[in-house]
Amino acid sequence: MAEQSIELVENHGASLEVSSDGYAYSTVEAEFSNIPETGVAIEAQIILFKEDTIVSASDPADCEVTSESPTFWLSDTFFSGTGQVPDSYCVCFRVFKPEDPVSISAPVPPEISRQSGSFLIHEPKKGFLSKEKWNTGSITIESVIVKNAAGDDDEVFINLFSKKPLDSGFRVQAESSGNADETIFRLVDKPHLTSDYLRIHLQEDLNVTVTGYTASGWSMSDKKPFLDIQNIEAVEPEVDDEGVAEEVVDSEPESAAPTKTKKQKTKKSEISNEGVNTSSGSWFETKVTSESYLTEQFRMAITQFENDGPDEDGDVGVDFTIEIENESSKEISLVKWDLIVDHNGTSIDGNVNNSEECLLDKGDTFEASSYLRLSKAYVDPSKPQLELKGYAKFYEREFLKLGEIEIPEALHEVVSTSSKVKTDFFNDEITISLVRLPDSDESNVKEQEVYLKSSISNKSDFYIEDIEFKCVFIDRTGSEGDETFDYNHALAPNSGAFFQTSFYSMPKSKLKGAKVEFFLKAYRLVGTKIFTDVKTLSL
Amino acid sequence: MSKKETIKFLLQECEFTVDEDGYFSGSAHFQVTNLPDDGVVAQAYLKMQKQDSVVLVSNVSEGRLSEADDTLYVGVAGMLDGNATPDSFFLNYRIYRKIDSIETTPSLPSSFGKQSLSVSPKGFLGGKKWKGGGNREISSVLVLNDEGDFSVSTNVKLGKTATDNVGLFVENVSDGMSDQFVLARGEVVSIKNQYAAGAETLQNRLMFYKPEKWVAVAIRENIEVSRN
């Protein structure tokens, strides 16, 4: 591992929290240097020490890193009590370097009327004396399976063989007439493997590119102290005065650095106010008893405003782009925004109820574009000024893993699971029940239904919005299948909600040995922004 | 011929279906014969073929097999239909054999909610006692008194077997026995929060299993795929 060296970003990357019930949550941001232009994949774990004794280690996780995004978040949780709180850590890792990729042109099967689509097996050509080889590093692609279905449900996947399972990995990209999809890096855990499915709308040409990766040996960094351990110990509650039994959960940086949306710029950028004649930003301060959560700061501007001339009906089309910068200390995961257009003292149009998920760190910007068609009747050409009013709301997210339930073999047997969760929003223990029932259509004996129910209560004194209770079906091979969810638009402080959802028409063979995993996602408003601007139409 | 060379996987039953959405699923049950007295750990997966073409590979199934429990179940599923529907399959398997074991007797916490940390005692010459071959060793054992029962976490250095996907059985013997099997790679593995019934003493035994090479066996040349 001479050409790779690891540097740990200690100032903000390594943290340790000890909950009131004795669980230690450690997170380390490992930064890698000397990354080639092609990027590499890293498999890593953190090892936690108290003095020189290992007290815990995370499971190895993998992640792709590039020179632009050279960090990898690692985390571990264990019961430390008060006596085994770790004081230092090290990162153990190995590097997977990309090999020369292999590019495969595959034919596309014709669409047919069958519901499941038409399939094609594409393989290396066989000659009299030799066979075409699709190799990348230690990996040989044995076949490409192409599924062409009516509509957009086309799929592509590969089957491969690796000479070095556990020491090799791969990723797959597919492209067809401008449509593309790709998998993330995946470790090869056995000699033969089927890739994840790429979902791509197939047209004329299909090109599949597979990149194999080869692993180095394991390396271990120097041991580093948790620098903020004093602060952590200072906030460690010895007495459970809130009645909070925290355990498992929160979730995100288990194995990957936060991802960015396409609309998001990762570098801090100045928002241009050029061409803005009059604009103002004002804060609506809401008084709340426990927490003034509407004090976060955001900058917002209209960075693009263009209009078409009146069309044959006299209507005017307007394109505009809004840019918002997160100046707050919070990580923003959802932006909701509305734009109202006033003309001659009255509101004439608007683009409202927009909601977009994102992931904005401090300094990141969010961009949203829209188009409005202003009716001729409302536009006075002698006064072409429009007053634009923007309303934006910014949310932080809480994401909880609620465990899983194996689907029982027997009908009508209610099974349940209770998860203790570390949450600022909800009750600390969430119980979910599952029951397997016959199909509603009694004559359909081949299929059954699975019902899922749960409830939550909002223990906080703020509104929680867009609460999603999601259930993911995992078949007996561990492959993710259908998803179903229930949704609550808003939950007032100190109130509760009931969720119920189900999987319908499930073949009995599919339910055999299967399980359901549960997740809860919710958002809390952390700030609002009102923005006004005057723009002039070119008529 | 030793027993090691005569382990065989005998197909007991298999079934495969495709539903109307093109979701192919199925399973195969194998009886494993000629097992050694102390059992083995086995991993297996199915490679589905259409004539000579590989069309789908299952995830790995694993199990601890003994004379008393000698069956292994392997499932497979994916989107496949039409002229890609499999017509035959191979079984690929490998056997894990025990290569080492280390036994510890950790100290026990006296009161509810407390946790003890035990490290290896040293011998006369200063060497660690919780050590096996190939630089494998138990670094520490944490025992939490969870309302009278124990929650045991064992931290293990894998030494030379760090890249082998070694199999680990952890047995805790107190008032009864509990065990857990994990596959591990990396320098260190933590086997966390393993339950053990409360008792005056606790023995923590770690057994290391090393995998042999994968073996491929053609199982069935013409399978029947039913439609739902």
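Buried means under 20% relative accessible area, exposed over 50%, and partly exposed in between (1.4 Å probe, protein chains only). Arg97(B) counts as buried, at 18% relative accessibility.

A quick word on what you're looking at. This is a predicted model, where local features need pLDDT of at least 70 and side-chain atom pairs count only at pLDDT 80 or more, while totals for chains, interfaces and linings use all residues. Residues are numbered from 1 along each chain as its sequence is written, chains are lettered from A and ligands numbered from 1 in the order in which they are written, and side-chain values use heavy atoms, with hydrogens and water left out.

On confidence, the model scores ipTM 0.89 and pTM 0.60. For chain B the mean pLDDT (the predictor's confidence in each residue, from 0 to 100) is 88, and 95% of the residues reach 70 or more.

Now for the interface. Counting contact as heavy atoms within 4.5 Å, 58 residues of chain B touch 52 residues of chain A. The two chains bury about 4500 Å² between them, 53% of it on carbon and sulfur atoms; buried area here is the accessible area (1.4 Å probe) that two parts lose on being put together, summed over both. Three salt bridges run between chain B and chain A. One of them pairs Lys192(B) with Asp76(A), at 2.4 Å between the closest N and O atoms.

Over all chains, the structure holds 29 salt bridges.

| Pair | N to O distance |
|---|---|
| Lys223(A) and Asp52(A) | 2.7 Å |
| Asp167(A) and Arg94(A) | 2.8 Å |

How exposed are these partners? Lys223(A) is partly exposed at 36% relative accessibility, and Asp52(A) is exposed at 66%. In the other pair, Asp167(A) is partly exposed at 28%, whereas Arg94(A) is buried, with a relative accessible area of 1%.

Back in chain B, salt bridges also form a network, linking Arg64(B), Glu103(B), Glu171(B), Asp179(B) and Arg205(B).

Notes. A salt bridge is a side-chain nitrogen of Lys or Arg within 4 Å of a carboxyl oxygen of Asp or Glu.
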